[in-house]
Amino acid sequence: MTDLQLAKYVFKKKLEEIKACKGRATELISLYVPPGRQISDVLNYLRNEYAQSSNIKSRTTRKNVMWAIESLMNKVKMYKEPPPNGVVFFVGTKAIGADQSEPVSFVIEPPEPINTYMYRCDSFFYTQPLEEMLLEKDLYGLVVMDRAEATVGFLQGKRITVVKNKQSLVPSKHGRGGQSQHRFERLIEQAAHEFYVKVAEICAEAFLPQLNNLRGILVGGPGATKEYFINEGYLHHELMKKVIKPFFDTGYTDEYGLKELVEKASEVLADLDLMKEKKLVQRFLNEVRKPDGGLAVYGEKEVRASLENGYLDTLLISEGNKKMRVSLTCKYCGYKEEKTVPEELVPRSASCPKCNAVLEIKTTDIVEEISQIAENFGTKVEIISEESEEGKMLLNAFGGIAGILRYAVNKTG
Ligand code: ZN
């Protein structure tokens with residue numbers, strides 16, 4: 001789980017870097033190769049583009065585009081076949097400063113399969129299909145119902161799928177009178193009961209196989225039937241635990257009703273995502289408020305020390321940390337230095353203070369670097385966004401790095 005969170009963070013960071021590249025002309029090429037695509041086809045396509053690019057009027061642009069395509073062909077040739085999720089190349093010449101430019105290239109093996117082959121040459125890199133992979137893909141079960149009809153479906157990311165629509169045979173309450181009224185009402189109740197049992201069966205068939213992936217079940221409908229259905233315990237007990245409250249009023253109980261349900265629930269769903277982060281930071285704040293500081297540690301230095309001593313239970317690190325961990329090593333005399341600096345202050349070159357030789361510079365994003373150490377010590381890593389008040393507080397008041405200790409230790413020692 002932590003690996004996934006970290007992988008997502010790294011992927012997001014990389015995309016930001018790619019997105020920030022701007023060309024002086026249409027000379028940034030994005031190439032999406034889906035799984036199953038023949039490498040020889042891709043190379044033929046590129047050869048054709050190469051031939052056509054010799055017609056570009058501007059000499060500089062022509063040179064840059066031809067270089068990019070050549071470079072692409074070399075990169076593509078390294079593959080015998082596309083990896084399981086496909087591969088995306090971004091190659092081109094990006095503008096830096098007033099009139100300088102610099103060749104850039106990125107190769108991304110995405111976390112989810114690419115669907116379509118695409119070649120784009122523009123003044124920016126085309127990252128949208130990859131950005132969509134970052135959207136929340138949590139799975140929810142959906143039920144809308146009244147006594148006449150029920151529809152069961154799934155919500156994943158933004159996609160709604162219908163599993164089943166079921167009409168009931170419950171007769172209308174109206175339109176009958178006379179002496180059989182009482183008996184007729186009993187028949188109605190019996191038919192309604194059978195309908196609810198059937199709906200519960202459809203839910204069980206659809207949702208139980210997905211139980212571990214299911215983040216929750218949303219329930220909606222026009223009247224009181226939905227409450228009755230849930231409160232009377234028709235639903236499988238494992239599914240009952242997943243039901244999200246409140247229930248939502250919808251006008252319809254068909255496929256359109258599912259859309260209504262998702263729309264009405266959207267605020268609640270967004271809150272659920274933030275809720276987890278808020279709770280984590282609140283747990284930390286509760287410790288901080290204790291007279292002796294409780295189990296809380298914060299600030300890079302203190303957190304790093306607790307981490308490396310194996311004291312840290314949970315690491316809370318803000319996405320807003322725009323810092324890099326820089327390690328400087330001298331190959332000649334063995335001099336070594338590590339420091340944390342803001343992104344914009346990463347040195348491009350440095351010389352050894354002992355022997356004056358050129359130092360080897362390695363930089364890692366600090367969120368990545370600290371998370372990696374935490375994993376080595378079995379510490380839980382929670383990457384916190386800036387979207388909640390608590391998340392902002394973590395960044396602004398506690399330096400964006402905090403933790404909760406496993407047990408009380410002498411923190412000054
Ligand atoms: Zn040295």
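Tutor: A residue counts as buried when its relative accessible area is under 20%. Bear in mind that this is a predicted model. With that cut-off, F125 is buried because its relative accessible area is 3%, and F106, at 9%, is buried as well.

Student: What kind of aromatic pair do F106 and F125 form, and where in the chain do the two residues lie?

Tutor: Ring planes over 60 degrees apart count as edge-to-face. F106 and F125 form an edge-to-face pair, with 6.4 Å from centre to centre and 85 degrees between the planes. The pair links distant parts of the chain, since F106 belongs to strand β3 (residues 100-108) whereas F125 lies in the loop between β4 (118-122) and α4 (128-132), 19 residues apart.

Student: How many aromatic pairs does the structure hold, and which residues do ring pairs link into a cluster?

Tutor: There are 18 aromatic pairs in the structure. One of them joins Y32 and F90, whose ring centres are 6.2 Å apart and whose planes stand at 85 degrees, so this pair is edge-to-face. It links distant parts of the chain, with Y32 in strand β1 (residues 28-33) and F90 in strand β2 (residues 87-96), 58 residues apart, and both Y32 and F90 are buried. Ring pairs also link F195, Y196, Y228, F229 and Y234 into a cluster.

Student: Which charged residues lie over rings?

Tutor: Among them are R37, which lies over the face of Y117 at 4.0 Å from the ring centre, and R120, whose charged end sits over the ring of Y126, 3.9 Å from its centre.

Student: What coordinates the zinc ion, and what is the geometry of its site?

Tutor: Four donors count as tetrahedral if all angles lie between 85 and 135 degrees. Here the SG atoms of C330, C333, C352 and C355 coordinate the zinc ion at 2.3 to 2.4 Å, and the angles among these four donor atoms run from 101 to 117 degrees, which makes the site tetrahedral. Along the chain the donors follow the spacing C-x2-C-x18-C-x2-C. C333 is partly exposed, with a relative accessible area of 38%, whereas C352 is buried, at 2%.

Student: Where do the buried residues of α9 fall around the helix?

Tutor: In α9 (residues 300-308), V303, R304, S306 and L307 are buried. Seen down the helix axis, the buried residues of α9 fall within an arc of 165 degrees, so they line one face. What covers them includes β10 (296-298), β11 (312-318), α10 (366-376) and β16 (401-405). Just after α9, G310 takes a positive phi of about 80 degrees.

Key
Residues numbered from 1 in each chain as written. Predicted model: local features only at pLDDT ≥ 70, side-chain atom pairs only at ≥ 80, totals over all residues. Heavy atoms only, no water. Donors = N, O, S within 2.8 Å, 3.2 Å for Na, K, Ca; no water. Tetrahedral: all angles 85-135°; square planar, octahedral: opposite > 155°, others 65-115°. Buried < 20%, exposed > 50% of the residue type's maximum accessible area, 1.4 Å probe, protein only. Helix = DSSP H or I, 4+ residues; strand = E, 2+ residues; numbered from the N terminus. Arc of directions from axis to C-beta. Contact = heavy atoms within 4.5 Å. Phe/Tyr/Trp six-rings, centres within 6.5 Å; stacked < 30°, edge-to-face > 60°. Lys NZ or Arg CZ within 6 Å of the ring centre and 35° of its normal.
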